Amino acid sequence: MSQHLSEQEIIRREKLSKLQAAGINPFPAPLYPVTHYSADIKQQFTEETKEAFTHVCVAGRIMSINDRGKVFFIKIQDSKGIIQVYAKRDDIYPGEDKSLWDTLVKHGLDLGDIIGATGFVFITKTGETSLHAATITLLTKSLKPLPVVKRDEEGNVFDAVTDPEFRYRQRYADLIINPEVKDTFIKRTKLINTMRSFLNEQGALEVDTPILQAIPGGAAARPFITHHNSLDMPFYLRIANELYLKRLIVGGFDWVYEFSRDFRNEGMDRTHNPEFTILEWYTAYKDYYWMMETTEQLFERIAIALHGTTDVQFGDKTISFKAPYRRVSMYEAIAESTGIDVSAMDEEGLRGVCKQLHIETDATMGKGKLIDEIFSAKEGNYQQPTFITDHPVEMSPLTKKHRSKPGLVERFELFINGKEIANAYTELNDPIDQRERFEEQVQLMERGDDEAMFIDNDFLRALEYGMPPTSGIGIGIDRLCMLMTNQPSIQDVLLFPQMRPEKVND
């Protein structure tokens with residue numbers, strides 16, 4: 001297939017050829033001895049410290065060029081920000097043939113090119129901290145123009161590129177022209193590191209479990225299916241890592257955790273992506289009451305690490321991560337939002353409630369799913385962190401039955417900003433009860449429920465060896481990152497979200 005080039009792309013390739021003809025390598029060897037970064041120079045340079053900035057080497061991408069003939073003002077962007085390079089022809093090519101100035105600087109450079117510059121730092125007449133260049137080196141020639149972004153004299157963006165189709169598909173360009181995007185992903189890494197430190201300090205052990213699984217267990221979700229050629233059998237991309245982590249509790253570990261990439265072959269919207277990141281951990285000899293308190297401690301710590309306070313701004317709301325969080329049972333939550341007590345209803349009664357509330361149902365839905373649909377219709381009510389506790393047993397096939405409330409299980413979901421952020425149990429460790437729950441899931445599967453769980457006989461065998469009383473949790477990292485970085489869409493906290501194939505014009 002031939003490559004269709006725009007007029008600007010053709011011009012840049014012509015410049016490339018002229019540079020090469022002049023003996024300038026547009027893609028030289030990678031080693032370049034950078035000594036300073038833009039933000040550090042701006043923060044540390046003063047009249048008193050200028051002696052430390054007499055031999056400086058910087059590198060970055062050209063974001064603007066101001067041609068004054070024999071003098072160029074070039075603003076380059078490195079990983080920490082933007083700094084101005086002052087390039088004067090007679091300083092860079094003293095007493096030499098000035099044709100290289102014309103070939104390289106005057107006619108060879110474009111926005112998007114990556115250059116290196118050496119020299120000393122000074123402050124211009126306009127008060128801008130800049131590098132007075134002694135050398136300019138072309139490190140990479142950019143063959144595709146960046147989208148135009150307007151900036152004021154201070155470098156602040158006032159006409160950003162906001163088209164999501166472009167931004168998500170070409171994230172590499174998005175990161176260049178929308179520098180605040182990089183801050184979101186720096187905070188995402190800091191969030192994960194904060195969680196990892198919290199767990200490690202308490203003695204938890206980070207582990208790895210299989211992504212390819214013969215049985216997709218640990219959640220009610222539709223899996224992706226693939227084929228293992230060597231074993232000649234179908235495999236599934238994991239929908240959860242729960243059952244493997246609980247096997248490790250059986251094996252004698254007291255506290256294990258994993259940041260896992262999970263896959264669910266379901267819908268995509270502003271809070272769902274088929275590939276997502278989740279933190280799951282399991283702790284022996286603990287229950288869901290302990291887990292609620294520990295979750296509060298963790299979320300407080302994350303908010304403070306990222307923002308210096310437990311109050312986090314999201315849109316026009318201020319969300320307080322200060323413990324304790326409100327606790328509401330599932331049936332109480334439904335009664336609060338609908339005025340209907342569904343606690344004693346059978347499947348037929350629940351279908352009547354769904355009809356009354358204009359909630360669509362189908363024949364594949366059992367009692368648990370109907371209750372979930374009724375609650376989900378109003379889950380957006382919970383803006384501040386709220387634990388929805390004590391779910392019906394039909395909704396929770398892996399959860400221990402409640403110690404004092406018949407028909408319920410010891411489970412909570414943490415809702416923030418109207419969305420589920422975490423899901424936790426006192427884990428079911430009775431292998432006989434677990435087998436019966438799995439068999440009920442098979443009956444739902446036979447009714448057509450493609451999210452019902454498979455029977456995992458190896459997991460049942462592990463439980464038969466004996467799993468100590470255990471509590472476990474799964475925390476959605478992507479949704480939590482949305483909250484902590486004030487991003488309205490899950491695609492904004494994923495570097496490379498799934499998209500339809502790009503249309504190519506022949």
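**Figure 1. The whole chain at a glance.** Of the 506 residues of the protein chain, 48% count as buried, buried being under 20% relative accessible area, exposed over 50% and partly exposed in between (1.4 Å probe, protein chains only). This is a predicted model, so local features need pLDDT of at least 70 and side-chain atom pairs count only at pLDDT 80 or more, while totals for chains, interfaces and linings use all residues. Residues are numbered from 1 along each chain as its sequence is written, and side-chain values use heavy atoms, with hydrogens and water left out. The C-alpha atoms fill a box of roughly 90 × 55 × 50 Å along the principal axes.

Figure 2. Two strands count as paired if DSSP finds at least two bridges between them. Strand 16 goes with strand 17 (residues 386-389) in the parallel sense, over four bridges. Look for V328, whose bridge partner in strand 17 is I388.

Figure 3. Four bridges hold the antiparallel pairing of strand 10 with strand 11 (residues 233-237), and H228 sits opposite M233 of strand 11.

Figure 4. The structure holds 35 salt bridges, each a side-chain nitrogen of Lys or Arg within 4 Å of a carboxyl oxygen of Asp or Glu. In this one, the side chains of R167 and D492 meet at 3.4 Å, N to O. R167 belongs to helix 5 (residues 164-169) and D492 to the segment after helix 15 (477-485), 325 residues apart. R167 is buried at 13% relative accessibility, and D492 is buried too, at 10%.

Figure 5. E275 and R261 pair up with their closest N and O atoms 3.1 Å apart. E275 is in strand 13 (residues 275-284) and R261 in strand 12 (residues 255-263), so the pair ties together parts 14 residues apart in sequence. For K322 and E300, the closest N and O atoms are 3.9 Å apart. K322 sits in the loop between strand 15 (317-320) and strand 16, while E300 is in helix 9 (residues 288-307). K322 is partly exposed at 48% relative accessibility, whereas E300 is buried at 17%. Elsewhere, salt bridges link K15, D110, D113 and K141 in a network.

**Figure 6. Two surface patches.** Patch members have over 30% relative accessible area and no salt bridge, with like charges joined within 9 Å and nonpolar side chains (Val, Leu, Ile, Met, Phe, Trp, Tyr) within 5 Å. Y172, L495 and F496 make a nonpolar patch with about 360 Å² of accessible area together, from the Shrake-Rupley method with a 1.4 Å probe. Y172, in helix 6 (residues 171-177), is exposed at 54% relative accessibility. The negative patch is formed by D430, E436, E439 and E440; E440 lies in helix 13 (residues 431-446) and is partly exposed at 47%.

Definitions and conventions. Helix = DSSP H or I, 4+ residues; strand = E, 2+ residues; numbered from the N terminus. Lys, Arg positive; Asp, Glu negative; His and termini not counted. Charge placed at Lys NZ, Arg CZ, Asp CG, Glu CD.
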